[in-house]
Each structure stands twice: as structure tokens, then as C-alpha cells.
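Open the model in your viewer and follow the stops below in order. At each stop, select what is named and compare it with the text.

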Amino acid sequence: MWIRILAAVAVFASALIHLEQWIVVFQHTAIVGPAMLVNFAGGVVITVLLLLWRHWIPLALTVLFGASTLGAFLVSVTVGLFGVHEHWTGWIIFTAAAVEIAAIILGLVGLWNEQRRHPAPRTGSAPA
């Protein structure tokens, strides 16, 4: 349960950072602005799912959320993303990267723990 709580904190922190960035920087940016709001909403939904639904899907969504968000940022700092070219400066950038990496790791650890606790049933016929 602690893994899910920590993963929820990481995802929610990332969501809040993206809301803050939308308010401060990207509110009037054509594609990236709405993407920041979608990221915020998705992060809130995943946070709630992690805390309320005891299934592997929220953990998988956590990994995908962290990887896609971090991936988009890495694209924006290297070649640019829809006209936005970010830089590795400021505490918010490093915090966002850290919580996204944490979300990926915690989601993977959570999935591994779920698999250990509830292994998939064996298929096939019983030996004769």
C-alpha cells in the first residue's frame, strides 16, 4: 500500500507542477498549453485510481504517465516540442523530472509487487 501512496504523491506532484506551469507560462500557448491541462487532469485521475482501485491498471498508468511526461520534456529540451524549447533551469524543472522518474520507478515496483502477490494462473492441461 505504501508504494501506491508514494506513487500517488509523485503523480499528483507532477500534475500540480503542470497546472502551475500552465498558469504561469503556457496558458496562451496553442498546443502545449492544452496539453498541460490534459496532463493535470490525467494526473488527478491516476492519483485517485491509485488510492481507490486495487488493480494493476493504475500502476501501469503511473508508469506510462511518468514516461510520457518525462519523454515530452526531454523532447522539448533537445529539439523542441510544438515551438516550445525548454531548458534545464529552475527548481520546478528538476522537481518535475524527479517526481516523474519517481512515478516510473514506483509504478514498476508496484507492478512487480502485485505480480509477486497475485501470480497469473497457470494455463494448460494438468499432467496425466
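**Stop 1**

Select Glu114: its relative accessible area is 14%, so Glu114 counts as buried, the cut-off being under 20%. Keep in mind that this is a predicted model. Glu114 is found in helix H4. Show what surrounds Glu114: apart from its neighbours within four places in sequence, Glu114 is in contact with Arg4 and Leu59.

**Stop 1: the salt bridge**

The side chains of Arg4 and Glu114 form a salt bridge, with 3.7 Å from N to O. This pair links distant parts of the chain, as Arg4 lies in helix H1 and Glu114 in helix H4, 110 residues apart. Are the two partners buried or exposed? Both Arg4 and Glu114 are buried. The salt bridge count for the model comes to 1.

**Stop 2: helix H3**

Select helix H3, residues 56–78. Its 23 residues should span 33 Å at 1.5 Å a residue, and the C-alpha atoms at its ends are 33 Å apart, so the two values agree. Next colour the buried residues of H3, among them Leu59, Val63, Phe65, Leu70, Phe73 and Val77. Which helices do the buried residues of H3 pack against? They pack against H1, H2 and H4. While looking along a helix, remember a general point: an α-helix has 3.6 residues a turn, so residues three or four places apart point the same way.

**Stop 3: the nonpolar core**

Select Val11, Ile17, Ile46 and Leu50. In the largest nonpolar core, which has 17 residues, these four touch the most other members. Helices H1 (2–26), H2 (32–52), H3 (56–78) and H4 (91–117) each supply at least two residues of this core. Which helix gives the most to this core? H4 does, with 6 residues.

Stay with Ile17 and display its contacts. Leaving out neighbours within four places in sequence, Ile17 is in contact with Ile92, Thr95, Ala96 and Val99.

**Stop 4**

Val24 is found in helix H1. Why is Val24 classed as exposed? Its relative accessible area is 59%, and exposed means over 50%. For contrast, go back to Glu114, which is buried at 14%.

How values were computed:
Residues are numbered from 1 along each chain as its sequence is written. This is a predicted model: local features need pLDDT of at least 70, side-chain atom pairs count only at pLDDT 80 or more; totals for chains, interfaces and linings use all residues. Side-chain values use heavy atoms; hydrogens and water are left out. A nonpolar core is a set of buried Ala, Val, Leu, Ile, Met, Phe, Trp, Tyr and Cys residues joined through side-chain atoms within 4.5 Å. Buried means under 20% relative accessible area, exposed over 50%, partly exposed in between (1.4 Å probe, protein chains only). Helices (H or I, at least four residues) and strands (E, at least two) are DSSP runs, numbered from the N terminus. Contact means heavy atoms within 4.5 Å. A salt bridge is a side-chain nitrogen of Lys or Arg within 4 Å of a carboxyl oxygen of Asp or Glu. The expected span of a helix is 1.5 Å times one less than its number of residues.
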